[in-house]
Each structure stands twice: as structure tokens, then as C-alpha cells.
Amino acid sequence: MHHRHRHGRAMGAAVAATAALLVAGLSGSASAGTAPADAAAPTAAETLRTDAAPPALLKAMQRDLGLDRQQAERRLSNEAEAGATAARLRASLAGDFAGAWVAGAESGTLTVATTDAGDVSAIEARGAEAKVVRHSLADLDAAKARMDKAAAGLDTADAPVWYVDTRTNTVVVEAIRPAAARSLLAAAGVDRSLARVESRTERPRTFYDLRGGEAYYINNSSRCSIGFPITKGTQQGFATAGHCGRAGSSTTGSNQVAQGTFQGSIFPGRDMAWVATNSNWTATPYVNGAGGQNVQVTGSTAAPVGASVCRSGSTTGWHCGTITQLNTSVTYQEGTISPVTKTTVCAEPGDSGGSYISGSQAQGVTSGGSGDCRSGGETFFQPINALLQNYGLTLKTTGGGGDDGGGDDGGEEPGGTWAAGTVYQPGDTVTYGGATYRCLQGHQAQPGWEPSNVPALWQRV
């Protein structure tokens, strides 16, 4: 399957006025529990540049999610604030935390789940709805990890998709034959009270042989899509799907001009790869939008469950949908991939490797799925932050970041361990300017996103 996914998350600061009522509930107490922030600290929507979402992306959201223009802009802004609010609650609820998701046409409702009824008032104080559940996210994640381990010794072709579903507080197995799901759960020792089996009829597949975000060809034969332009030191290139090519495979551009060589590729297991390009090609901080317009990438902050996400692919162009599950495992004919993110976005052969983006935040590269863009379908993407971290790549962004090579050579940042180019996960701690900060949302650090500047991403401890 040749796809390239780019998953970005961006929201709309430009619509702050129209979104004020909706966003106030989510962001009004955003700094509670954090160190006194500068009164002018940017909102999450400002940090994630939701105002950078181009007309083509907003139009695709309107078409695929049934929104008008203002609703699409408000949705991106709300999703940025919801991600930051959920991240702060995750940090404060610690072991009680059981997941978070957004809902509603404009993502106006954030729900945060907890195992302790005593947390309800703290959740509601941040403008979110609280749901008290039996199992913590840590317990569900541990069950999913046991399933991943057990799957290595089983044939999971008839139970090809499994994930943690925070909305129902269970691990879900989607099975063509229910007995295959029961075998997986039994082999993993997962209690049935934790699990749910759903039926599906179609086997996911990789989308080989056609084009993605911008088409490229592998060894002058198969076609995939570029995911996201990157740099590694002074070397330029792009991230894409691992199933598109093996290390050493050569690539040519959509114009059939010699382009580059796969430097690293993992598939199955993960679905990640990167290509180093020759000096004829320049990495830009853009994804190919409708009608060839540039869609800018301003960062890689991971979007929450329920958030909108759009995909650019060379076969089917721009399509949007929502993130339905994080931490998903999917079995293709070639093997099992994990973790990937499951979405309602459609794709077709040739879209592989292409870009998934939420607003202006890169999310991932197209791996596979089922269905098509005529009848509808589902897709799975390889998250971009794990790919950047694995290969030491720096995402090319318009924010001034992305120019300094991948994290090894970021130089001494003023007084601390924080470094541009490093991929940080929720819970990671750094020092910066004499203070200690805890990461709230997964992202690749870049100039301008220093911990003291972006309360949506970092909390002073």
C-alpha cells in the first residue's frame, strides 16, 4: 500500500471571537493548578495555529463532517482547547484517569473519564463532563499490551483490529469470526468484563500501487504518497509508510525525476519509513492541498479521540473524518501493525504514505484500511511523532522550527534540558530557564514552543 499520512492538529485562533462561548468553558480555568502564567500566555488554539487551517481543509471538513465554515473553524479551536484541558486533567488525575474524548458537531463537549467519583468536581471545574468508570486507562492499556504480545503467536486474520475504547471503557476486538476474538482474548488472559467483541466483514489492507499526498514512485514501479517533508541535520527528505519501500529502494517524483533513497523502513510491526532526497528537492513545510494549494504544517501535536482529521493522498485528494481510536492494532495480510490511529477517513490504493493533518498539526502517514471513497471506509495511520523519534527526524514547519536537524544538534537551550527537535510524550519532564515542566500533549519541540511559552503543551511543576 502506498500511502502517506499526515496527521496534524490545528485549530482556529482567528475565530476566537465567535468561539468565545464554547471555548470559555474549556479554557477559562486552563491555568488552574499550573504555576502563575504570564497573563498574555497564548491559548491552545493560538499555539496550535488553528487559524492556519487553509480554505481547502475547511471545505473538506464541511463536505465530510456536514459543517458550515464557521462551525469548522470553531471545531478546530475547540479541539485545540479540549486537547490541552484533557492533558492537564490527565496529569492531575494520575492513576484515576480513564481517557478523554470530544463530541458534537463543533467538538463543543469534552468528556473526561475517571475511576474515582471524587474527581468529578475537579473535572467539571475545567468545563469538561465527567464520566465515572470501572477501569483506568492504564489498566486498559495493559490489557491491550498483553493482546499485542499474545497476537505474535496467533493468526489474527479473522480478528484483525483491536484497540482501547475509552468511550465504553473496554478493549474492543473487531472480528470476522467471533471465535478468533475469543482466542485472542483467552491467549492474552484478558478478563471478558474488560472486553467487547464487534463484528466486521472486511479485512483491512494496505493501499498499494497508486498515489498519495504528492505521488512518488518506488524503483520505477509502484506508487505511494509523500507523508511529511523532514530534515535530519542538513539532509532533506520526507516521512512515509514503511510498506511503500525497503531501505535502499530508489524513488522518483511525480514528475518522474530522480528523487531519493529509502534510508530506513519498518513493516510490519510498525509502518514507518523515511526517504533522503537529492539536492534537486527541497523540503517545504506544506502538504499538497485541493487544487495544488499549500496547506501549512505548524507542528505535530497529537489530536484527541473525536477530533477532526483530514488526509491528503495522490489518488483521492482531500478527505476528512474523525479520530475514532488511538492505540489500535491492525492485522493486514503482511502482518500486524501497532500502535496506529483508527479514523473514519476514506482512502484508496495510491494514497498510502500520505499526510494526515488536524488543522495545521501533522498527525501521521496513511497505512491502510478498508472500503473506498465512494462507499465510505476506515483508515489507520502511523502516528508521525513516533516516526520522527525513531529516525531522529525534524518535521519541517512554518513556525521557524524544522530547520535545525533532528534533536542531536539543537545546541544548548537557555538553561535546561528542553531541546528543539526532541519528541516529547505526556508525562515527560524537562528543565528550562531554571524551572521544571511536565509535558501535557505529545509533540515535537520546536523554536517558539519553549515550555514557558506554551501552557497548552507544558505544565510547570
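Predicted model: local features only at pLDDT ≥ 70, side-chain atom pairs only at ≥ 80, totals over all residues.
**Entry 1: the end of α3**

Residues are numbered from 1 along each chain as its sequence is written, and side-chain values use heavy atoms, with hydrogens and water left out.

**Entry 2: α3 against α4**

I examined how α3 (residues 55-65) packs on α4 (residues 69-93): the angle is about 105° and the axes are 9 Å apart. Therefore α3 is roughly perpendicular to α4. Axes here are lines fitted to C-alpha atoms, for helices over the stretch in contact, and angles run from 0 to 180 degrees between N-to-C directions. Angles of 65 to 115 degrees count as roughly perpendicular, under 35 as roughly parallel, over 145 as roughly antiparallel and the rest as oblique.

On the α3 side I found Pro-55, Leu-57, Leu-58, Met-61, Gln-62 and Leu-65, which meet Arg-69, Ala-72, Glu-73, Arg-75 and Leu-76 of α4. Contact means heavy atoms within 4.5 Å. By class, this contact of α3 with α4 has seven nonpolar, one polar and three charged residues. Ala, Val, Leu, Ile, Met, Phe, Trp, Tyr, Cys and Pro count as nonpolar, Asp, Glu, Lys and Arg as charged, and the others, Gly among them, as polar.

**Entry 3: the largest nonpolar core**

I turned to the nonpolar cores, each a set of buried Ala, Val, Leu, Ile, Met, Phe, Trp, Tyr and Cys residues joined through side-chain atoms within 4.5 Å. The largest has 31 residues, of which Leu-110, Val-112, Met-147, Val-171, Val-173, Leu-184 and Val-190 touch the most other members. At least two residues each come from α4, β2 (97-103), β3 (109-114), α6 (137-151), β5 (161-165), β6 (170-175) and α7 (178-188). Helix α6 gives the most to this core, with six residues.

I followed Met-147: leaving aside residues up to four places away in sequence, Met-147 touches Trp-162, Val-171, Val-173, Leu-184, Leu-185, Ala-188 and Val-190. Apart from this core lies another, of 30 residues, among them Leu-67, Met-272, Ile-357 and Leu-395.

**Entry 4: α6 against α7**

I checked the axes of α6 and α7, which come within 8 Å and cross at roughly 105°. Helix α6 is therefore roughly perpendicular to α7. Arg-146, Met-147, Ala-150 and Ala-151 of α6 make the contact with Leu-184, Leu-185, Ala-187 and Ala-188 of α7. The residues of this contact divide into seven nonpolar, no polar and one charged.

**Entry 5: Val-172**

I located Val-172 in strand β6. With 0% relative accessibility, Val-172 counts as buried. Its contacts, not counting residues up to four places away in sequence, are Val-161, Trp-162, Tyr-163, Asp-165, Arg-196 and Glu-198. The C-alpha atoms of Val-172 and Lys-144 are separated by 9.1 Å, although the two are 28 residues apart along the chain.

**Entry 6: backbone details**

I found a cis peptide bond between Phe-267 and Pro-268, with omega about -5°. Pro-268 lies in the loop between β14 (258-266) and β15 (272-277). Another cis peptide bond joins Ser-338 and Pro-339, with omega about -5°, and Pro-339 is in strand β20 (residues 335-343).

I also looked up positive phi values in residues other than glycine. Gln-256 has phi near 70° and sits in the loop between β13 (250-253) and β14. Asn-327 has a positive phi of about 45° and lies in strand β19. At 25% relative accessibility, Asn-327 counts as partly exposed.

**Entry 7: the whole chain**

Among contacts with a separation of 6 or more, residues 24 or more positions apart account for 66%.

Technical notes. Helix = DSSP H or I, 4+ residues; strand = E, 2+ residues; numbered from the N terminus. Buried < 20%, exposed > 50% of the residue type's maximum accessible area, 1.4 Å probe, protein only.
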